[in-house]
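Please find below a colleague's note on a protein model.

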Amino acid sequence: MTDAVIDYAAVFQVLPGMVALLTPELVYADANEAYLLSAGRTREQVIGRYLFDVFPDNPDDPGASGMRNLSASLLRVVATGERDAMALQRYDVQSTERPGEWEERYWSPVNAPLFGPDGSVALVVHRVEEVTQLIKARGSSDSSRTPVLEAELYTRARELQEVNERLRQAHAREREVALALQKAMLPAPADVGHHRAAVRYRPAVGTLNVCGDWYDLVDLPGDRIGVSVGDVVGHGLHAAGVMGLLRSALSAASRVADGPAEALDVLGLYARSVDGAESTTAVEISIDWDSHTLAYSSAGHPPAALLHAYGGVEFLDRATDPPLGARPEHVPRPQAATAFAEGDTLVLYTDGLIERRGEDIDAGLARLARSLTRHRAADLEPLADALLFDLLPPQGATDDTALVIVRL
């Protein structure tokens, strides 16, 4: 049986439950036989049509909210990439046999994302269980009690929906506060000394998975600057607070340490005393224009990219160690160095720029290298915009992205 070829299209059609596939624009891509049968529609009446053109709200019911609730759930799945289970819904359906007449129906929907190769939501799996007969059942021995139980069940379901909505509003407020805090603690975009740099921060779209990414540029003695990016595990206000502590600590350490490895050593020791700093990743690079050398060290962070003026891309991956706090005992971190030429470009970033669900990191690095090569002649600000355009999903990433580009 393990060698058998499974016809998943056929399996989808005979699933015992009601399942439809919707595009991110809420257009029917497919629906199985059980869905069409229970909905009382043919494939021709459904496939390729907008969901709410097929199933609008009952215009004779001023309190109808099924369309609004279902739309909010589906669009939330598209925006966040997260499964959404809805409370019991009353959603009347127009009779196909008696146009203009509406049938009272009750549904229990669950909506889940189906991701495409680029990590974005390609389809929404809309699974529905109809519970109309259960709600309307009159077969119990105490038939006088049944309407009361129905009313209580429906009322509790509506209350659950309202509680969920209040929680979403609270999460939205926390997101706004966390983003404001994050923005306040990140340095304003500016060149360092007489050297040019471009920075970007893009929060994740539609989720609380925001904050915790940082960037920093510091002026060092001689014709040198220190550049760093980091990523705190976690999200929201707490991650933003931890990020501020670690960024400030690394900024101070890089000014007095004997190189990036020692600066990350100091940061690692400090991180042990900060709740929530465990497993933070970071990379620190010292740029020395007198010797045309980059000295770097990484604590579990994706490798920085060096775009050579002639177009080749070199990933700085020869001094990578585990994230902060990952070792039970302190071990000095490695450091490596590489030469650069005038006109080269250094690119540091966090994993939101390159990582996608179910994809190996090498695919993301290759994508970054192609984009850098394609735009190697661009100035810093246009280059930063081009990288974000090329590498982030059109509807936004599900993780934060910090980006620093320095022209060498």
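How many nonpolar, polar and charged residues form the lining of the second largest cavity? The points below lead to the answer; please note that the model is predicted.

1. Five strands form an open sheet with antiparallel pairing, in the order 9-19-18-14-15. Strand 9 (197-202) and strand 15 (313-316) each have a single partner strand and stand at the edges, so one side of each lacks a neighbour in the sheet. On average, neighbouring strands are turned by 15° against each other, direction ignored.

2. Strand 18 (residues 345-349) and strand 19 (residues 401-407) run antiparallel and are joined by five bridges. Among the bridged residues, Val347 has Ile405 of strand 19 as its partner.

3. Helices on the sheet. Helix 11 (residues 380-391) packs on the sheet and touches strand 9, strand 18 and strand 19. Helix 10 (residues 361-374) lies across strand 14 (304-307), strand 15 and strand 18, and runs at about 135° to strand 15.

4. The largest cavity. Four cavities of 30 Å³ or more are found in the whole structure, and the largest has a volume of about 200 Å³. Its lining comprises 15 residues, with Tyr35, Leu70, Tyr91, Trp107 and His126 nearest the centre. By class, 13 are nonpolar, two are polar and none is charged.

5. The second largest cavity. This cavity has a volume of about 130 Å³. Arg272, Gly325, Arg327, His330 and Arg333 are the closest to its centre among the 15 lining residues. Helix 9 (residues 260-271) gives the largest share of the lining, four residues. To answer the opening question, the lining has six nonpolar, three polar and six charged residues.

Technical notes:
Residues are numbered from 1 along each chain as its sequence is written. This is a predicted model: local features need pLDDT of at least 70, side-chain atom pairs count only at pLDDT 80 or more; totals for chains, interfaces and linings use all residues. Side-chain values use heavy atoms; hydrogens and water are left out. Two strands pair if DSSP finds at least two bridges between them. Helices (H or I, at least four residues) and strands (E, at least two) are DSSP runs, numbered from the N terminus. Axes are lines fitted to C-alpha atoms, for helices over the stretch in contact, and angles run from 0 to 180 degrees between N-to-C directions. Contact means heavy atoms within 4.5 Å. On a 1 Å grid over the protein atoms alone, a cavity is a set of points where a 1.4 Å probe fits but cannot get out, and a pocket is an open set with protein on both sides within 12 Å along at least five of seven lines; lining residues have an atom within 4 Å of a point. Grid points are joined across faces, edges and corners, and a volume is the space filled by probe spheres set on the points. Ala, Val, Leu, Ile, Met, Phe, Trp, Tyr, Cys and Pro count as nonpolar, Asp, Glu, Lys and Arg as charged, and the others, Gly among them, as polar.
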